[in-house]
Amino acid sequence: MRGPDTSCKGRHMARYAVALDQGTTSSRAIIFDRGGRVVAAAQREHAQIYPQPGWVEHDPVEIWECCRELLAAVLAQAQIAAREVAALGIANQRETTVIWDRRSGQPVCNAIVWQDTRTEAIVAELASEGGVDRFRELTGLPPATYFSGPKARWILDHVAGARARAEAGDLLMGTVDSWLVWKLTGGTDGGLHLTDVTNASRTLMMDLRSLAWDHAAAATIGVPVSMLPEIRSCSEVYGLVHAGPLAGVPIAGMIGDQQAATFGQACFTAGEAKNTYGTGNFLVMNTGAEPVRSTAGLLSTVCYRLGEKPAVYALEGSVAVTGALVQWLRDNLGLIRTAAEVEQLAATVDDNGGLYIVPAFSGLYAPYWRPDARGVFAGLTRYVNAGHVARAALEATAFQTAEIFVAMQADTGLELPALWADGGMVANDLLMQLQADILGVPVIRPQVAETTALGAAYCAGLATGLWQGVDELRANRREDRRWLPRTDSAWRARRLEEWHRAVTRTFDWVQ
């Protein structure tokens, strides 16, 4: 905490924490009680903008308006007054990059989403000296289109006048957390320009140990440090909500979505891991007080930092396309009418019919880091029907997770005893069973599936006294269901080998 916590005085009536979970395809506002239970929730999707192949954009103004309306809606739904809210916590899609004018408050262009691959030439230039390990010792990350720094550089290079305005101090850059905090705390009327250590650790510009911007890395990438937000912890009082139904409520939690889910799953001990099944998949393992450098294609990142306490680190394996593949079956192929129908369709067959789908729509992330890859159907024969396609789509999620799981065990030497699962796809019981079968360990679904929002709420509530410590949060963790593996090691090894052969077919597609 920075200075005396005067902003929280008079909040002794507070019984709830509010979380704003701003995700890739939608935003959610959720109210939690002290038991970590959902009191009320509201959700709204926002537009996905695809200007050309490989490009993915969001409208930051639309996202802000959605979030503002959701906060009002969830309070009205729960019939809760602002004085009953201890704090607001924010979780966000991490690497998605926004640049806006500090005077007008207007973005200079649409946000560039984490999945976007337009920065391939910039990344190749950065990797031309020092290769994929150029930034790894400093930041824990390889040069990749995934991260925020190259996205900011692209905007400054391609939006007319943007670089000159940035160097003159007129533009601010941030991930979506920074944009929302700036707007919530007043925007052009004194808005705070902040980020937290987890989001900053995904830019290619933060020193993983000092938790500060590295001026040399920023200069190499081509982003003026003057436009970057101040880096803070995940749990402290940053400021007060400026207006609206939550006016006067402290904003006290800020954490990237995958770290938020890890925190919400109470993975507070080194070796504990969770996997989020959403638009993409993100497997995160707590590695304790020291960052672990990966030799297996994983990312070293900050897991969380509470106030002035030392940071806790993590290894992460990021998969770009999992739930997005199901959306593709629905929206592009018309194979299903709703995402939930994929489970019924996949259950009409006993196996994948020899079909493997590798959804490298925008390249492959961990453990391969191949921006040149593009998706394939491998093993396709006349025998394959719609059920096999649906089952292969679910298996693609499970196989990609298994590759990360194996890499994580290789990097740490730890045998992961189980996997805690969260995110929208965990409602798919068939997928959870397939995951247990392919991993060979139990897969556990918690009672509260909205662990990303819960993690943000926990961070905010810890900073304002709603919860007293992580032991209290761990006591809130409850299992909903556990799936046990039904396969042997020989079956798993054969299927993983077939999957890997399919993956190699995606390489070198983009020249």
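## An aromatic cluster

Trp-114, Tyr-146, Phe-147, Phe-282, Tyr-365 and Trp-369 make up one aromatic cluster. The model is predicted: local features need pLDDT of at least 70, side-chain atom pairs count only at pLDDT 80 or more, and totals for chains, interfaces and linings use all residues. Residues are numbered from 1 along each chain as its sequence is written, and side-chain values use heavy atoms, with hydrogens and water left out.

## Aromatic pairs

There are 21 aromatic pairs in the structure. Rings of Phe, Tyr and Trp (its six-membered ring) pair if their centres lie within 6.5 Å; planes under 30 degrees apart count as stacked, over 60 as edge-to-face and the rest as tilted.

The pair of Phe-147 and Trp-369 is tilted, because the ring centres are 6.2 Å apart and the planes stand at 35 degrees. Phe-147 is in the loop between helix H3 (136–139) and helix H4 (148–158), and Trp-369 is in the loop between strand S17 (356–358) and strand S18 (376–378), so the pair ties together parts 222 residues apart in sequence. Helices (H or I, at least four residues) and strands (E, at least two) are DSSP runs, numbered from the N terminus.

## Burial and a second pair

Phe-147 is buried, with a relative accessible area of 0%, and Trp-369 is buried at 17%. Buried means under 20% relative accessible area, exposed over 50% and partly exposed in between (1.4 Å probe, protein chains only).

Tyr-458 and Trp-467 form an edge-to-face pair, 4.9 Å centre to centre with 90 degrees between the planes. Both Tyr-458 and Trp-467 are buried.
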